[in-house]
Amino acid sequence: MTYKRWTLYYFTIPLVTITAIFTFNFIIDPYSMTKYNLLEIPNKFARDDRVEKVAKLKSSPAFDNIVLGSSRVYSSNPLMVSKYLGGSTYNAGVGTARVEDDLGFILFLQKLNKLPKNIIIGLDFYSFNEELETNKYFLKNEDLNFLNKKIAKKNYIANFLSIDALRASYKTLSNFIKHPDAKPRFDKNGASQNASKIFNISLKTTDPDKFSNEELKKEINFIKTISYKKISKQRLLYLQKITKIAREHNINLYLYLTPIYGKLLEEIQQDQNLYIQLLKLKQKIRKIHPFYDFMTQNSITNNSAYFNNPTHFTSESGNLIYAKIFHDKNITLPKEFGVYTK
Amino acid sequence: MLFNSYEFIFAFLPLTFFIYFYLLHKRLIVGAKAFLVFSSLFFYSWWNIAYLPLILSSMLFNYALGNTLSYDSKKLKISKKTILTFGIIANVVLLGYFKYSDFFLENFNLLFGADVPLLHLALPLAISFFTFQQIAYLVDSYRGETKEYDFLNYALFVTFFPQLIAGPIVHHKEMMPQFASRWNLVKRYKNIAAGLFIFSIGLFKKVVIADSFSVWVNAGFNASYCLNIIEAWATSLSYTFQLYFDFSGYTDMAIGAALLFNIKLPINFNSPYKALDIQDFWRRWHITLSRFLKEYIYIPLGGNRKGEFRTYTNLLLTFLIGGIWHGAGWTFLLWGLLHGLALIIHRVWHSLGFRLNKLLAWFITFNFINITWVFFRAKDFQEALNVLHSMFFGELVIDYHLREKLHLFSDDYFGPWLQHINATNEIFLWILITFTLLFTKNSIEYMRSFKPTKLNLLFISLITIYALLDMNKVSEFIYFNF
């Protein structure tokens, strides 16, 4: 083979392959990046919550209420918010969200002229840790990343030209072939499919201790080894910015500190440093905006039945949280569950 | 612009290549070279155009000074030595101002309890590299070792985009004749094929191997306070491999891109982790930096010509300068000091006629390098000491599945297995594969023996496709910071 021929083939093989992959990904469009759905696939398999939710917010008319937060939040039922506040609700909670994600979503909605009337944000104690880095999927998302646009720009092409995109396309297509009627991971309101079906707001009487010692110890060990030296000033500034936007646009802002399982909270309370950080955080949030504090000991947080795992509450608990925030008179909740702090 | 970016691979590189050779085809040689300088400056300005005037003025200043130094001494009113001293000081001051101001002020404040505000200057890209290259040019002009070249060739020598940002640190003697040579003005498919071959390998090294390790490195150093022994070793080894594959990947891409234009850049790596002693390592690692340090610092200091004590002092000084060149921080200085000391110990050991078993020699050398890289990577001493402490005294953790199989401590919880470095068991496979790769032929050896075959075409096409699909991660080259 001559050098010239080798060079020509070298250009041809990758070019043809890459073009084929790009075309395949473009047709399947697993992240719903384009307006076209050429194969009319109802259930797009997106591996990235942020991409999927951003695409949905782009393509839908403005929602009246937006729920923001981490994976703890996306298992809560947005229809319950609609029940209390009226109008339409979208749960824009995304995995491992920090406050910059919340602000990113709000700035993005502002740019789209789709700011809602009400914003409900579930804040996590861990996410204010200064040492905790910004989520990489946030950084890669050009619509959300307000910190460094240059980093985010790259990712649009990656939605069609990456190994992740290829895997997602393949999975989407094979899912579609096997289960053409399957529903998407998140429903039209952004909640996980199960969450949207749960409307009950009753208290549980049983107290099953469903977490194994191993599971609990793992979480406890993780809590004890995390370095929570400082609360991130930057994230508090982001929270301030959120309240400013809410004020300027007459948006009702509801903040709450997400609950964790009582035994885990007990460990935090026994660790002097972590407990100080928790108290400090509550004080600092209070100064910025009133909030409902669910990170407390009470009969609900002490009942493992209200948790999927020690740090993630169930959809039923989500309903109780909304019942507390929106003052549902049909249920009497423990005083310490969602302490209004201002 | 990054070599591992879509804009470079799909737009900048092909456009520059085709326009350059089109201009040459039309016999517009000066125009083609000017275009290449313009493209290189565009490439440089892609990050931050604010520093374009800096590189341009540095280039004009050094060219003018270099030309003056090549004049006959009798025609000059000031002595050549004074001009050279002025030139070196000016270059070092420029580098020092941007790179070391805050380091100096921080230590000044600490020492004297002062509160002088820091300047927080952004380090102009490539300043360490183009400053070194131009100091070498001035010294050689003073020594009468430079020929007279026009400014266009000089500008090309400094700015030529493949080597501009992070080397290899080229010498005017090896570059300017190539730019001036008429033999290099036509397309050569042999060079193009070899260039594409080595560029693809470099891209794969960077995008697939180095960037995979970087995830574990970042997570490990961020969680340095709580690593167990397995995580700590995985972190340090990951960094050792990341640094090599990142930098040698970059260099391969630089060599490949330059070869497309018929320019042969010097090699920078020759399987450094195969080294059997520390001197051997420095002959294989960042070869062009070692060459610069030797020719322009170690030898002018007296080298090994002034007795043993001076030789050791010169070695130590050279490595301290090498350390601080990499970054303004005490950790870099300590890293340089450790390597300087190791070289002194090696010389003493060697002069006493001691020899080690090859395997043991490799093991000691590799581990010394691995351990000292921890200081190189850590943001401060505390972080470095945390990782090192965990490497030697960390908690021993056994994988859950392994524990179950061995029926060990089944009721006891032994802490997280690889949780703090965001890893799964695949990390061990990566480390194992990488160790294996280190002992095969290196990319430059493959390039030298490159012949176009169906097999290497298929291999290179596959790794290119994989790298292109994996290129969506956000990652700069480590040496861009230096």
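Author: Let us begin with charge in chain B. The mean positions of its 39 positive and 29 negative charges lie 17 Å apart. Here Lys and Arg count as positive and Asp and Glu as negative, while His and the chain ends are not counted. The place of a charge is taken as NZ of Lys, CZ of Arg, CG of Asp or CD of Glu.

Reader: How many positive and negative side chains does chain A have, and how far apart do the centres of the two sets lie?

Author: Chain A has 50 positive and 31 negative side chains, with the two centres 6 Å apart.

Reader: What kind of model is this, and on what conventions does the description rest?

Author: This is a predicted model, in which local features need pLDDT of at least 70 and side-chain atom pairs count only at pLDDT 80 or more, whereas totals for chains, interfaces and linings use all residues. Residues are numbered from 1 along each chain as its sequence is written, chains are lettered from A and ligands numbered from 1 in the order in which they are written, and side-chain values use heavy atoms, with hydrogens and water left out.

Reader: What are the mean pLDDT of chain B and the ipTM of the complex?

Author: The term pLDDT denotes the predictor's confidence in each residue, from 0 to 100. For chain B the mean is 86, and 93% of its residues reach 70 or more. For the complex, the predictor gives an ipTM of 0.81 and a pTM of 0.73.

Reader: How many helices and strands are there in chain B?

Author: Helices (H or I, at least four residues) and strands (E, at least two) are DSSP runs, numbered from the N terminus. Chain B contains 20 helices and 0 strands. Its radius of gyration is 24 Å, close to the 23 Å that the globule rule gives for 482 residues, so chain B is as compact as a globular protein of that length. That radius is taken over C-alpha atoms, and the rule is 2.2 Å times the number of residues to the power 0.38. The C-alpha trace of chain B spans about 85 × 60 × 50 Å along its principal axes.

Reader: How many helices and strands are there in chain A?

Author: Chain A has 14 helices and 8 strands. With a radius of gyration of 22 Å, close to the 20 Å that the globule rule gives for 342 residues, chain A is as compact as a globular protein of that length. Its C-alpha trace spans about 80 × 45 × 40 Å along the principal axes.

Reader: Why is helix H6 of chain B described as largely enclosed?

Author: Helix H6 (residues 151-159) is largely enclosed by the rest of the structure because 7 of its 9 residues are buried. Among them are Tyr154(B), Leu156(B) and Phe157(B). The cover over the buried residues of H6(B) includes helices H2 (29-45), H3 (52-69) and H5 (127-142) of chain B.

Reader: Where is Ser39(B) found, and what is it in contact with?

Author: Contact means heavy atoms within 4.5 Å. Ser39(B) is found in helix H2 of chain B and counts as buried, at 4% relative accessibility. Leaving aside neighbours within four places in sequence, Ser39(B) is in contact with Phe12(B) and Thr16(B). Ser39(B) and Thr16(B) are 23 residues apart in sequence and 6.9 Å apart in space, C-alpha to C-alpha.

Reader: Is Phe428(B) buried, exposed or partly exposed?

Author: Phe428(B), in helix H18 (residues 426-438) of chain B, counts as partly exposed at 33% relative accessibility.

Terms used
Buried < 20%, exposed > 50% of the residue type's maximum accessible area, 1.4 Å probe, protein only.
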